[in-house]
Amino acid sequence: MDILSAGLTLLLIMDPLGNIPLFLSVLKTVEDESRRRKILIRELFFALLVLLLFLFAGEYLLKWLNLRQEAVSIAGGIVLFLISLRMIFPSEKGIMGEMPDGEPFFVPLAVPLLAGPSTLAMLILLARSQPERIFEWLAAVLGAWTVTSLVMLSSTKLNKLFGKRGLIAVERLMGMVLVAISVQMLMDGISTYLNVLTIR
């Protein structure tokens, strides 16, 4: 996987356009526009910190938990598959289920909407599979996060531009793409595990 493919995959998993209605719904209790913007910027930086933590320390976390790379690939594929299915066939409570009331702090905007389990699993896989390219993966993360941040900071305008139906259509399309990515992650994890068993 090259840096562009990695960045695009991360961007699709983070799903900024699909998150617009969720962000607006969570922030609707905050009436002051400038306060909403400050909260949004804060949550975006929280998400970036979590992404960077898993990119650089994810491998050590796996070793500490005694988890194999294949397990992360399979688990990430399953979680991403379930999330992408809910993007295509959403429930009444949205992709992430019921959201807590009040002003958000870290949850649910930063985690799990932006830095979700599938995104974190993807970062661990990238860092562990080709650790010598860590700075390329860093560029991919920063690129995906920057685009996501620009989209989220323009969420009110984009919501008016696309409308509810337009955002739903985009979310369904992204869901279809993510289904394919999740299946590929599952296949890669299972294939790697079977190869390990064969060698043994």
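Predicted model: local features only at pLDDT ≥ 70, side-chain atom pairs only at ≥ 80, totals over all residues.
## Reading the helix packing, step by step

Q: Which residues of helix 6 are buried?

A: Burial is judged from relative accessible area, with under 20% counting as buried. In helix 6, Ser-118, Thr-119, Leu-120, Ala-121, Met-122, Leu-123, Ile-124, Leu-125, Leu-126 and Ala-127 are buried. Helix 6 is largely enclosed by the rest of the structure, because 10 of its 13 residues are buried.

Q: How do helix 4 and helix 6 cross?

A: Look at how close the axes come and at the angle between them. For helix 4 and helix 6, the axes come within 9 Å and cross at roughly 150°. Since angles over 145 degrees count as roughly antiparallel, helix 4 is roughly antiparallel to helix 6. Their crossing is left-handed. From helix 4, the contact uses Gln-69, Val-72, Ser-73, Gly-76, Val-79, Leu-80 and Ile-83, while helix 6 brings Pro-117, Ser-118, Ala-121, Ile-124, Leu-125, Arg-128 and Ser-129. Sorted by class, this contact has eight nonpolar, five polar and one charged residues.

Q: And at what angle do helix 1 and helix 7 cross?

A: The axes of helix 1 (residues 3-14) and helix 7 (residues 134-153) come within 8 Å, crossing at roughly 40°. That makes helix 1 oblique to helix 7, and the crossing is right-handed. Residues in this contact include Leu-10, Leu-11 and Met-14 of helix 1, and Trp-137, Trp-145 and Thr-148 of helix 7. By class, the contact of helix 1 with helix 7 has 12 nonpolar, two polar and one charged residues.

Q: Is Thr-148 buried or exposed?

A: Let's finish with a single residue. Thr-148 lies in helix 7, and it counts as buried because its relative accessibility is 0%. Leaving aside neighbours within four places in sequence, Thr-148 is in contact with Leu-11, Met-14, Pro-16 and Leu-114.

Note on methods: Residues numbered from 1 in each chain as written. Heavy atoms only, no water. Axes fitted to C-alpha atoms, helices over the stretch in contact; angles between N-to-C directions. Helix = DSSP H or I, 4+ residues; strand = E, 2+ residues; numbered from the N terminus. Parallel < 35°, antiparallel > 145°, perpendicular 65-115°, else oblique. Left-handed = near helix turned anticlockwise from the far one by under 90°. Contact = heavy atoms within 4.5 Å. Nonpolar A, V, L, I, M, F, W, Y, C, P; charged D, E, K, R; others polar. Buried < 20%, exposed > 50% of the residue type's maximum accessible area, 1.4 Å probe, protein only.
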